[in-house]
Amino acid sequence: MSSFILRRGLIVGLLLATAGLAPVRAEEPAKASATGAETTVTVFAAASLTNAFEDIAKAYAAKGEKAPVKFSFAASSALAKQLEAGAPANIFASADLKWMDYTDGKGLTLPATRATVLGNALVLVAPADKAKPVTITKGMDIDALLGANGRIATGLVDSVPVGVYAKTAFTNLGLWDKVAPRIVGSESVRAALALVERGEVPYGVVYATDAAVAKNVKVVAIFPADSHPPVEYPFALVKGQDTPAAKSFFAFLQGPEAKEIYKKYGFTVK
């Protein structure tokens, strides 16, 4: 019997690993409420929410809330696909409307709980020691900006929200044809930011809030607001996973204490 349990535990662990989540160890079962239901709250959240959400979870725990909260931070596109594949989560926080629309359409999230909570700005960043102000205009000379071999890091332009915003902005500015060969697509906004931090690329398109927490990076330009759709963050509870503990933390994510934390990191609070 013990060998069967061990094999079963290993299989479950592998399945959770593919979803980007750490398995609960056999000797540390998930905490249970008086009714026997698991109280751990699992949140799938856009990578750009990392710092704010971690601070909010600490504030939540400091209020004496007993339900532990764990996060899986990644691109909204990857998280939506993980939900579709059956990965366990209670809350989904997306960095754009598209991927929340996707989970709604697949019956994965609860539309009645959906709330657009935050906004952000799209910015151009450069390594701090080489940063010079840039004016982003229609038809600007990209070759002069980047030089012969310079590239621009951002998210994957067909799936990762920051990359999708970037492609739309460059397209509306009449720059996409020249920019496209220079793009380095990354799996998340934080991965793109890291390329700029390490000086591997001279520029990156990220969110203002990510630039604010980065080391050795400075904002050199803000994209015109009319060059791309508003950067918005919809949150929703996951269908069938809207436990009392999940509802409690979901409400806290939209409450006054959380809003002050969002503001600290530079988000626009809706």
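## The main core

The largest nonpolar core holds 75 residues. Those with the most contacts inside it are L49, F53, Y233, F235 and Y262. Helix 10, residues 244-253, supplies the largest share of this core, with 6 residues. Domain 1 (41-119 + 231-269) and domain 2 (122-222) both contribute residues, so the core lies between them. This is a predicted model.

Leaving aside neighbours within four places in sequence, Y262 is in contact with A52, F53, I56, V117, L118, F235, L253, F267 and V269. There is also a second, separate core, of 13 residues. Its members include L79, A80, M100 and L108.

## Overall make-up

The protein has 11 helices and 11 strands. Of its 270 residues, 48% count as buried. The accessible surface comes to about 13,200 Å². Carbon and sulfur atoms account for 56% of that surface.

How many of the contacts between residues at least 6 apart in sequence join residues at least 24 apart? The share is 77%.

## Aromatic residues

The structure holds 13 aromatic pairs. One of them joins F53 and F71. The pair is tilted, with 5.9 Å from centre to centre and 40 degrees between the planes. It links distant parts of the chain: F53 sits in helix 2 (residues 50-62) and F71 in strand 2 (residues 69-74), 18 residues apart.

Is F53 buried or exposed? Buried means under 20% relative accessible area. F53 has 0% relative accessibility, so it counts as buried.

Ring pairs also build a cluster. Its members are F53, Y60, F71, F73, Y165, Y207, Y233, F235, F249, F252, Y262 and F267. Among them, F53, Y233, F235 and Y262 are also listed with the most contacts inside the largest core.

An open sheet is formed by 6 strands in the order 2-1-3-10-4-11, with mixed pairing. Strand 2 and strand 11 (268-269) stand at the edges. Each has a single partner strand, so one side of each is left without a neighbour in the sheet.

Strand 1 (residues 41-46) and strand 2 run parallel and are joined by 6 bridges. Within this pairing, A45 stands opposite F73 of strand 2. F73 also belongs to the aromatic cluster.

Why is strand 4 (residues 115-120) described as largely enclosed by the rest of the structure? The reason is that 5 of its 6 residues are buried.

Strand 4 runs antiparallel to strand 10 (residues 231-237), with 5 bridges between them. Here N120 stands opposite V231 of strand 10. Strand 4 also runs antiparallel to strand 11, with 2 bridges. In that pairing, G119 has T268 of strand 11 as its bridge partner.

## Helix 8

Helix 8 (residues 189-197) is mostly covered. Of its 9 residues, 7 are buried. These are V189, A191, A192, L193, A194, L195 and V196. Just after the helix, G199 takes a positive phi of about 75 degrees.

Note on methods. Residues numbered from 1 in each chain as written. Predicted model: local features only at pLDDT ≥ 70, side-chain atom pairs only at ≥ 80, totals over all residues. Heavy atoms only, no water. Helix = DSSP H or I, 4+ residues; strand = E, 2+ residues; numbered from the N terminus. Buried < 20%, exposed > 50% of the residue type's maximum accessible area, 1.4 Å probe, protein only. Contact = heavy atoms within 4.5 Å. Areas by Shrake-Rupley, 256 points an atom, 1.4 Å probe, with all protein chains shown as cover. Core = buried A, V, L, I, M, F, W, Y, C linked by side-chain atoms within 4.5 Å. Domains from an automatic or database assignment. Phe/Tyr/Trp six-rings, centres within 6.5 Å; stacked < 30°, edge-to-face > 60°. Pairing = 2+ DSSP bridges.
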